[in-house]
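Here is a short briefing for a first look. Keep the sequence and the 3D view open as you read.

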Amino acid sequence: MTTRALVLGSGGLTGAAWLAGMLAGIAESGVDVRTADRIIGTSAGALVGARLAAGESTAELDQWARTTVPPAATLPGVALARLLAAQVAPSRQQAVRWLGRVSGAAAAMPQEQWRAYLDAALSGIEAWPERLSVVCVACDTGLPQVFTRDADVPLPLAVAASCAMPGIFPR
């Protein structure tokens, strides 16, 4: 039974660093966030949550965030236009479905480079942590999808799906 959950949100690679620093600060104040029964992460929160759920201390996580150089990615004009166009969709679900359909477009970062970065960022995690849930959006339906260790999806692929952003980071 889950009595205490830690929910970590998105924010890109800057968000991952912010989350790591925030968790270190919370730990310094005497709250052990590692004792949460369930760690739920989306995008940057999925990456940080995976490392935390695998047993990394908040101090180690903070150090990792401070020393990791994120990959450079530029935002192509067409990707920015698509993201802005999605903002005028009649509903969030319609916007997400439309973005999912156009997500096959070239991304600012090649899929191989993005997956290599995530593989490196998650190196040392041998098995999917039992307490971890990774949240993403199914591009064909626009509905939330939650991956756990019971899913037939490798952890780096689930985190990549959670971080996917049409035209920027590949799915």
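Buried means under 20% relative accessible area, exposed over 50%, and partly exposed in between, with a 1.4 Å probe and protein chains only. This is a predicted model: local features need pLDDT of at least 70, side-chain atom pairs count only at pLDDT 80 or more, and totals for chains, interfaces and linings use all residues. Residues are numbered from 1 along each chain as its sequence is written, and side-chain values use heavy atoms, with hydrogens and water left out.

**Overall layout**

- The chain has seven helices and four strands. Helices (H or I, at least four residues) and strands (E, at least two) are DSSP runs, numbered from the N terminus.
- Starting at the N terminus, the order of elements is β-α-β-α-α-α-α-α-β-β-α.
- The chain holds 171 residues, and 40% of them count as buried.
- Contact means heavy atoms within 4.5 Å. Of the contacts with a separation of 6 or more, 74% join residues 24 or more positions apart.

**Helix 2**

- Helix 2 covers residues 44–53. Ten of its ten residues are buried, so the rest of the structure largely encloses it.
- The buried residues of helix 2 are A44, G45, A46, L47, V48, G49, A50, R51, L52 and A53.

**The largest nonpolar core**

- A nonpolar core is a set of buried Ala, Val, Leu, Ile, Met, Phe, Trp, Tyr and Cys residues joined through side-chain atoms within 4.5 Å.
- The largest one has 35 residues; L6, L23, I39, L132, V134, L155 and V159 touch the most other members.
- Helix 2 gives the most to this core, with seven residues.
- Beyond its neighbours within four places in sequence, L6 is in contact with L23, V33, A36, R38, I39, I40 and L52.

**Helix 1 against helix 3**

- Helix 1 and helix 3 pack at an angle of about 150 degrees, with axes 8 Å apart. Axes are lines fitted to C-alpha atoms, for helices over the stretch in contact, and angles run from 0 to 180 degrees between N-to-C directions.
- That angle makes helix 1 roughly antiparallel to helix 3, a label for angles over 145 degrees.
- Helix 1 contributes A17, A20, G21, L23, A24 and A27 to the contact. Helix 3 contributes T58, L61, D62 and A65.

Note on methods
Angles under 35 degrees count as roughly parallel, over 145 as roughly antiparallel, 65 to 115 as roughly perpendicular and the rest as oblique.
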